Amino acid sequence: MDSLTFRNQQLAKRVELLQDELALSEAKGKKNKKSGDSSSQLSQEQKSVFDEDLQKKIEENERLHIQFFEADERHKRLEAELKNRLEVLETDAAQHQAVVDSLTRKYIDTIEKLQNDKTNLEIKSQTLEREAKECRFRAEECQQQLKNLHADLGRRLDDSLCIINEKVPFNDTRSIQYNALNVPLHNRRCQLKLRDIAGQALAFVQDLVTALLNFHTYMEQRVQIFPIDSATDTISPLNQKFSQYLHENASYVRPLEEGMLHLFESITEDTVTVLETTVKLKVFSEHLTSYTCFLRKILPYQLKSLEEECESSLCTAALRARNLELHNDMKKITAVFEKLHVYISLIVLPSIRPEGLLRTNYSSVFTHIAAGLHGFHNVMKEVSKHYSQKAALEHELPTATQKLITTNDCILSSVVALTNGAGKIASFFSNNLDHFMASLSYGPKGGTEFISPLSAECMLQYKKKAVAYMKSLKKPYSDSVPYEEALANRRVLLSSTESREGLAQQVQQSLEKIAKLEQEKEHWMLEAQLAKIKLEKENQKLKSSLSGQLIEPMPENSVLLNAAEQEKEVSIKKTSGEPVKKMSLIGMLTMTTGSKEAPEAKSREDLIKNHYMARIVELTSLLQLADSKSVHFHAECRALAKRLSLAEKSKESLVEEMKLASQSISRLQDELTTTKRSYEDQLSMMSDHLCSMNETLSKQREEIDTLKMSKGNSRKNKSR
């Protein structure tokens, strides 16, 4: 622009100079018009030079104006683009500023939240440390208590083992053979559940048997009418033999229902149903074996019959393909039944030969049976699909008769019924598989299994005897003569039949009994002293074990007082002539006095008897009291042991929780530090980004200012 301005000024001065020269030359021409031709010729040449120079300057000026206009247009476009870019950048800057403000607020809130969480976690960690200290202290106390209880229980266990070894002569649960003969606890709910399952299985097997009968019967009819109708022509010997075998299907299929019915009837509420006792399962297995042999026998004929249909002239390519698919399906059906027969034969072994199948393999056998039933269902679905396609193709044949169409529909309905029955049985067995596996552990108490079918049979006989005995106990007792009346009648009878010799003999016997009783009295006195000493020792032991609880034995004076009181009561009742009742733990004895003058020996005998009876009662009560306290102490020890085990478990859980809490605290601290660092990095990055954006904006503003200045200058030059 400066060069253009300078050039324009120069040209303007040159034009003014030329105009002045032209004016001077014109004036001179008017004054000296008559001058020589030589001067006019010179002026003409100068004029032509000036005109040529002026034309060049005019063209150059025009070209410069064109360049100036183009530069002005470019400047306008650039100014518009820069304005748009400036607006976009200002909008982006505003958005970035809003994002920066929101992120700043968010980070400030997050930092405050993390600080609050940090304070809460510190408080929680302090509380957990206090709880851990308390738990450690309690654990030490529990450990000490456990040691004491372990020592006490070990001592008591040794005493109990000594008592068991001395008092228990025979323990049949130690021997597996003897334990198998023990009658287990009766689980009525389990038996009812098994009977219900057996009833459902019977219904499913009945449906399956009906479908199999229909399938074989309609298949026999089809063999008779296709590909050659037996009513119009003779069928092939192969189909004749095949039809003959199919006609015998009822003798193989019907026993399956009968075997399942016998198995259902053998499962009652009063029996114990496990694999060792289900002997009727063998009958069902035998019938299944015979049916599997029947399928194996008819399989070659069935395959040959399908091949004969394929070789027939009426068989199309699509029908031949369907026949080949059914050819494979029939092989699969026979293979599935053979597989089921093998596994059912295995679960029959425990009731026949228990060493043939280990108990650990029971669950796997049941699982394979469930898988085999599902395989049977899948095969029947394939048969139903392929046979429906085959029947549709045969109905399209021009030689298809109504009898063939009806027979195919019947076969298809029986196949559908077989498919539904197989699906129901498979789902039923899978749903009850857990119950089958759980019921295997139902056996004698303390034992793991029945040893042999013979022991299981003996156990069932013992169970029947036990049930009969329990039923006999529930029968009401017949009326009998009261005891007091029987004694009175006996005394009357003896008094009426006794003689003097009999009385003398009774006196002699009474004297001998008195002498024996005197000897026994001395013996029992010594025994009583020994029992008293033992009782004091046992009381001291109980006192030391129960931490202060002391059982004081009843003094002998009270026993003598009770004996004296009883003697007084007996004497009073004797004087009154009424019946005397004596109570003890052994029973109640009622006596009557025939006369007021009882012999002195009899009164002394009664006194001794009363004394010993009272002593026995007191010792028995003390023994029962000691037993009850020992049982109570044993229960308390068990409760303390359980509490100790629970305390140990709670201690372990608290330690684990404390470890987890410390790990979570450390993890949160690490996360806090990392988040702080990340937030600081992000803030620094954003600040750097904002600085760079501000720099770019300032640069763009400077460019815009320079453009505005250049535009103003260009406008000035243009105006010039």
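Modeller: Contact means heavy atoms within 4.5 Å. With that in mind, we may read this predicted model.

Colleague: What share of the contacts with a separation of 6 or more lies between residues 24 or more positions apart?

Modeller: In this protein, such pairs account for 82% of the contacts with a separation of 6 or more.

Colleague: How many helices and strands does the protein have, and what percentage of its residues count as buried?

Modeller: The protein has 16 helices and two strands. Of its 720 residues, 28% count as buried.

Colleague: How many residues does the largest nonpolar core have, and which of them have the most contacts inside it?

Modeller: A nonpolar core joins buried residues through side-chain atoms within 4.5 Å. Here the largest one has 68 residues, and Tyr291, Ile369 and Phe429 have the most contacts inside it. Among the elements that give two or more residues to this core are helix H4 (188-225), helix H7 (281-311) and helix H9 (362-395). The most comes from H4, with 15 residues.

Colleague: Which residues is Phe429 in contact with, leaving aside its neighbours within four places in sequence?

Modeller: Phe429 then touches Phe366, Ile369, Ala370, Leu373 and Phe436.

Colleague: How are H6 and H7 placed relative to each other?

Modeller: Their axes come within 8 Å and cross at roughly 165°. Angles over 145 degrees count as roughly antiparallel, so H6 is roughly antiparallel to H7. The crossing of H6 and H7 is left-handed.

Colleague: Which residues meet there?

Modeller: Those in H6 include Tyr252, Leu256 and Met260, and those in H7 include Leu288, Tyr291 and Phe294. The residues of this contact comprise twelve nonpolar, three polar and one charged.

Conventions. Residues numbered from 1 in each chain as written. Predicted model: local features only at pLDDT ≥ 70, side-chain atom pairs only at ≥ 80, totals over all residues. Heavy atoms only, no water. Buried < 20%, exposed > 50% of the residue type's maximum accessible area, 1.4 Å probe, protein only. Helix = DSSP H or I, 4+ residues; strand = E, 2+ residues; numbered from the N terminus. Axes fitted to C-alpha atoms, helices over the stretch in contact; angles between N-to-C directions. Parallel < 35°, antiparallel > 145°, perpendicular 65-115°, else oblique. Left-handed = near helix turned anticlockwise from the far one by under 90°. Nonpolar A, V, L, I, M, F, W, Y, C, P; charged D, E, K, R; others polar.
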